[in-house]
Amino acid sequence: MEQICINQADEIEKAAQVSIMGEIYRASGCVEVWLGREFHNYSDSTELLLQGVWRLEHARERDTLSSDSVEQLVNDPITTFRQIGDSRIKRVATEWLNTLDLDVTRGWFHAPHLFQRTWFERTWILQEIFMARDLTVVCGRYIVPWDMFLLMSSIVECCRSLLGTIELNTIFPSKLWSTLWDPFDGWSLPSRSMMLRNEPKQGRISPLRLDQWRAECQREGRLSIVSALSLSRNQKATDARDKVFSVLAFWPIERKNDSGIQSIKPDYSLSAEWLYIEVAKGLVAAYGPCILSLGGLSNRSRIVGLPSWVPDLNSQLTSRLHGINVQQLHHATSVTSCIRDFARKSPSGVHITSQNELVIKCHLWDVVAETAHPGLNEVGKNLDGLTRWLEILSKLDGTLEHRRQALLCSLAERPSDQHSNASHFEDWLKFLCFTCMTGQQQVLRDFAIPLGNIQDAQLAQKQEPIAILLSRAKAHFAELGYTLSQETIRDWFDDGTLDSGVTDKFLQWQFRYTDMTRNAMHYGHMLRDINPTRRLLRTSLTNLLGTGPKDAWPGDVIVLVEGVKVPYLLRIVRDGKYGLIGETYIHGLDVEGILVDAQGRGKMRDLCIV
Amino acid sequence: MGSAERFAALSYTWGSPFPPTTDFVEHRYTQTTTVLCNGNQLQIKQNLYDALYRLRDRTRTEKSQAHPNGIDLIAGVQSGSLCRVEDMLRLGADVKARDSSGRTALHLAAKIGHLDMAKALVVAGSDIHALCGLNKMPLDYAKEDTGPYANSVADFLDEEHERGYVRQRTNTSLRLEVTEFEYFWIDAVSSHRLQFQTQQH
């Protein structure tokens, strides 16, 4: 290596260089992504995965896959593979899958080792790949052009979403899946239930997620600030300030001070707290009070001194928010132009005091009466989660049908049952009960380590005998107006089914199981995409069902904020000032109607959020 | 930066590139190595060192001027080992090299009826229309083969022929050189932030 010019930099120069990095990556002919050596231990299946990736190149018509096909695959791999029929891409994909071995595909329930590499998690890679004209992935001796990397990722994504279903074999016929269909091989079932419990981040593998944003960024020239910041929130940085600095290349952030409007530049003499507050002020100015959806106190370590309404950019944001649509923001050109005069307009009824307290106009609507255990996609080890839900449900007014509907809609946080979820809901409930009952705790524990999201206390709890659980499940299903068929009960009770190997009975089960899982996943994924760590709650005066963040407690105040469609949970922290807990969803609440009414009757008041 | 030369940029991580693993591996990736750049000593972390080592592979291709690699490739095809052929192609073996009868590796793969090998060779830019000393194309060899998989190679070559698209070995997995650009931009912001630009041989 020769001709290396080095600029040993101090803090100031470091900042100056950080600020031109985006330009450097934009100017480069190609960005080479170095993922590290091929493997670090014998269980790392990366090499097995990459060895045959060249086969996928036969899917290309020319030098690269057409950008349309790539976009379709990246946006929705399952639907795309379902629809493309007997195309070249599908044939090539099937051929490639058939060269892999079972040990490789088994690990796809969470994510292949390759996609768990640290590169995918870093904050700075966002600008490096968003700005890049062309990308090549290098892992040890393997080189993978970006289009092939995406094709491979979308095949993996499609397979892992359909693992354990018969449909997978119709899309990609392979002997591989036959063993993975086996609902009792100790992997398939608990893995699916783990997939549901985990946060959406684990739901979709990184390259697809990143490329979706990359395409967006390249089409629009930039991302909206909310998208940009919510992206960097989910990546890791050693320095909390880099969460802001790393997005400046695709979204310049401006602030108003005495001498006019200035854009924030990388400067390592600033504190993270100051930066986050400035960003939050800018967000309030641009979007109004709906940015409360991004903030909220939580158990996770927040930067000390950060007001509760300020989004903590150093903590992950994995849920889909109702108050602010991160996904759609940058589709709307009008939003982009209105943010151009960022920091110039101040939405009515909102202001920020010199102590960085946010004062908003809102209506104190109700109080949380009681809450269930956190976790929407689980019923607890001894079905106690389900027991608690039913307890809360029994206090609601209305018919059984009405209450069941309330539960179904509240969990999914959807106002009405548009997608005929009723049958999916039933199967989902059965699926959760079944996975809980068949007692696959050991496997859950094995999975818990890489996924790191299961509560230890829950695992430590002793499980009751299956007969007791079964009668409990039967009673609970009856309470909800569902009947567990004799057949199901026999299946669940009979340990023999689990160990009998491939018998007729077993095969029958397999088919029923496949149907149930498909429906269960349909509903479960919907919950997972919102945020499976939330909890069910009941309001006090209005006696309605809803959900709130996992930190919600009885006694938290539900407020409706002028100009925002979702209610928020607040908690008094000191001197009549409130801390923000987060967004809540109340089934059957007409936010706009109540706000108009409250305004008419002069019930709106200023609240101070600290 | 100001120069008109086009360059590639590297995107990598400072620490261990692997998901959380043994202390031994983690520790290794916190270590720094001293490299000599332009007469200056420069401390770089293990992962960057690994990357630079990989990128420098380029120097090895220069040995292939007399196509020893290409001859190895032909021997590899004759050995019938797909892994060996894949590895050679990844090391930049020349697919245009010919044996004493003027046959390329693809002619031989077609002759022995090895479909996967033929596919790999085509991906790596083999010319499906190349003529051997007997004026025959790989397809002709495939048709002569009477082995159990003979038709599959012929069908594949036929299909490739119909597509009429000649693959260049630029944007494929089966190549050695990571980039064609002469300059490489690497941002080495670690404990000290520094930047350097390397020119490869």
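A residue is taken as buried if 20 or more other C-beta atoms lie within 10 Å of its own, as exposed if 12 or fewer do, and as partly exposed in between, the C-beta atoms being placed from the backbone. The structure is a predicted model, in which local features need pLDDT of at least 70 and side-chain atom pairs count only at pLDDT 80 or more, while totals for chains, interfaces and linings use all residues. Residues are numbered from 1 along each chain as its sequence is written, and chains are lettered from A and ligands numbered from 1 in the order in which they are written.

By the burial criterion, A473(A) counts as buried because it has 25 C-beta neighbours inside 10 Å. A473(A) is located in helix 24 of chain A, which covers residues 466-479; helices (H or I, at least four residues) and strands (E, at least two) are DSSP runs, numbered from the N terminus. When its neighbours within four places in sequence are left aside, A473(A) is in contact with L383(A), C433(A) and L484(A), where two residues are in contact if their C-beta atoms, placed from the backbone, lie within 7 Å. Between A473(A) and F431(A), the separation is 42 residues in sequence and 12 Å in space, taken from C-alpha to C-alpha.

Chain A as a whole contains 28 helices and 14 strands, and 46% of its 610 residues are buried. Among the contacts in chain A with a separation of 6 or more, 75% are accounted for by residues 24 or more positions apart. Chain B has nine helices and five strands, which follow one another from the N terminus in the order β-α-β-β-α-α-α-α-α-α-α-α-β-β. Of the 201 residues in chain B, 44% are buried, and residues 24 or more positions apart make up 61% of the chain B contacts with a separation of 6 or more.

Within chain B, helix 7 (residues 115-123) has eight of its nine residues buried, so it is largely enclosed by the rest of the structure. The buried residues of helix 7 of chain B are L115(B), M117(B), A118(B), K119(B), A120(B), L121(B), V122(B) and V123(B). Just after this helix, G125(B) adopts a positive phi of about 95°.

Helix 7 of chain B packs with helix 9 of chain B (residues 150-163) at an angle of about 25°, with their axes 9 Å apart; axes are lines fitted to C-alpha atoms, for helices over the stretch in contact, and angles run from 0 to 180 degrees between N-to-C directions. Helix 7 of chain B and helix 9 of chain B are therefore roughly parallel to each other, given that angles under 35 degrees count as roughly parallel, over 145 as roughly antiparallel, 65 to 115 as roughly perpendicular and the rest as oblique. L115(B), A118(B), K119(B) and V122(B) of helix 7 of chain B meet S152(B), V153(B), F156(B), L157(B) and E160(B) of helix 9 of chain B. The residues of this contact divide into six nonpolar, one polar and two charged, with Ala, Val, Leu, Ile, Met, Phe, Trp, Tyr, Cys and Pro counted as nonpolar, Asp, Glu, Lys and Arg as charged, and the others, Gly among them, as polar.

Helix 7 of chain B also packs with helix 5 of chain B (residues 82-90), at an angle of about 5° and with the axes 10 Å apart. That makes helix 5 of chain B roughly parallel to helix 7 of chain B. On the side of helix 5 of chain B the contact is made by L82(B), V85(B), E86(B) and L89(B), and on that of helix 7 of chain B by D116(B), M117(B) and A120(B). These residues comprise five nonpolar, no polar and two charged.

A nonpolar core is a set of buried Ala, Val, Leu, Ile, Met, Phe, Trp, Tyr and Cys residues joined through C-beta atoms within 7 Å. In the largest such core, which has 203 residues, A118(B) and L121(B) touch the most other members. The largest share of this core, 11 residues, is supplied by helix 8 of chain A (residues 146-162). Apart from neighbours within four places in sequence, A118(B) is in contact with L106(B), A109(B), A110(B), V153(B), F156(B) and L157(B).

Helix 28 of chain A (residues 591-600), by contrast, is hardly covered, the count of buried residues among its 10 residues being one.
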